Amino acid sequence: MLHIQTWLGGLAMLAVFYRNVPALRALKRGQFQPNFATYMIWALISLIEAVIILANRGGFGATSMVLSVVFFSYFGVMGLKYAKEQPTNRRFIMAMLGAVVVPLLLTLVHGLTQGELLFILAIVEALAIIPTIQKIKRAPYSESLSCYVWNDISMLLSLLAIHAISFETVFVPLIWVLIMSGCIIYMLVLRSRAPKRQECAVLD
């Protein structure tokens, strides 16, 4: 069983790398405009989630989260150049950061359980994606669809690669599968109603 989970974890790792290829290419061509605030918040949350999964013997179930920290951080930094084009409410960002840092500190002093922290982070993740959802609504082709699809696949593989099943190890990849699936459906619906060619179209 452990051997199978190792392979699934390896496949999840490959999926994470592969999912970012179109985004990296589109970013180089100026066709992908990552939102700085969204990606940096995701990077911080992913780091916390990866630590919790590993601490609860999730093993290779944390593969996607660990690599996501790296890519989210990179896209977030690259998104700085588009900050003026994508104005973000500073109060919103501070509220999101506070919603991550405060529960984390409470968990460290045993004021919250790890499961409760993960639940709070899930809410923050849903709120943090709002700027990106708004951008997708304005420009349906501004995000890489294949990136979201491969993210979905990587999280599903991570879910199957978990060593010790518990709320702390299963909740994160499961919630990401739901979030990514929702984004994929939303983009497909908007793209079906939008012109096929747009200035910021991403080659999927």
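The structure is a predicted model, in which local features need pLDDT of at least 70 and side-chain atom pairs count only at pLDDT 80 or more, while totals for chains, interfaces and linings use all residues. Residues are numbered from 1 along each chain as its sequence is written, and side-chain values use heavy atoms, with hydrogens and water left out.

The description begins with the nonpolar cores, a core being a set of buried Ala, Val, Leu, Ile, Met, Phe, Trp, Tyr and Cys residues joined through side-chain atoms within 4.5 Å. Here buried means under 20% relative accessible area, exposed means over 50%, and partly exposed lies in between, as found with a 1.4 Å probe on protein chains only. The largest nonpolar core holds 48 residues, of which Phe32, Ile41, Trp42, Met65, Phe75, Tyr148 and Trp176 touch the most other members. Two or more residues of this core come from each of helix 1 (2-29), helix 2 (36-55), helix 3 (63-78), helix 4 (90-108), helix 5 (114-128), helix 7 (145-161) and helix 8, where helices (H or I, at least four residues) are DSSP runs numbered from the N terminus. Helix 8 provides the largest share of this core, with 11 residues. Another core, of five residues, lies apart from it and includes Leu8, Ala12, Leu157 and Ala161. In soluble globular proteins, nonpolar side chains tend to be buried together.

Grid points are joined across faces, edges and corners, and a volume is the space filled by probe spheres set on the points. The search of the whole structure finds one cavity of 30 Å³ or more, and the largest cavity has a volume of about 110 Å³. Its lining includes Arg19, Phe32, Trp42, Phe75 and Tyr148, and helix 1, helix 2, helix 3 and helix 7 each give two or more residues to this lining. The second largest pocket has a volume of about 160 Å³, and helix 2 gives the most to its lining, with four residues.

Thr169 is found in helix 8 (residues 167-193) and is buried, with a relative accessible area of 0%. A polar atom of its side chain lies 2.8 Å from the backbone oxygen of Ala164, and the side chain of Thr169 also reaches the backbone nitrogen of Ser166 at 2.9 Å. Leaving aside neighbours within four places in sequence, Thr169 is in contact (heavy atoms within 4.5 Å) with Ile53, Asn56, Gly58, Ile162 and Ala164.

Most residues other than glycine have a negative phi. Arg57, in the loop between helix 2 and helix 3, has a positive phi of about 60 degrees although it is not a glycine, and Arg57 is exposed, with a relative accessible area of 61%. His110, in the loop between helix 4 and helix 5, has a positive phi of about 65 degrees and is exposed, with a relative accessible area of 73%.

How values were computed:
A polar contact is a pair of N or O atoms within 3.5 Å; within protein, one must be able to donate a hydrogen and the other to accept it, and residues adjacent in sequence count only if both atoms are side-chain atoms. On a 1 Å grid over the protein atoms alone, a cavity is a set of points where a 1.4 Å probe fits but cannot get out, and a pocket is an open set with protein on both sides within 12 Å along at least five of seven lines; lining residues have an atom within 4 Å of a point.
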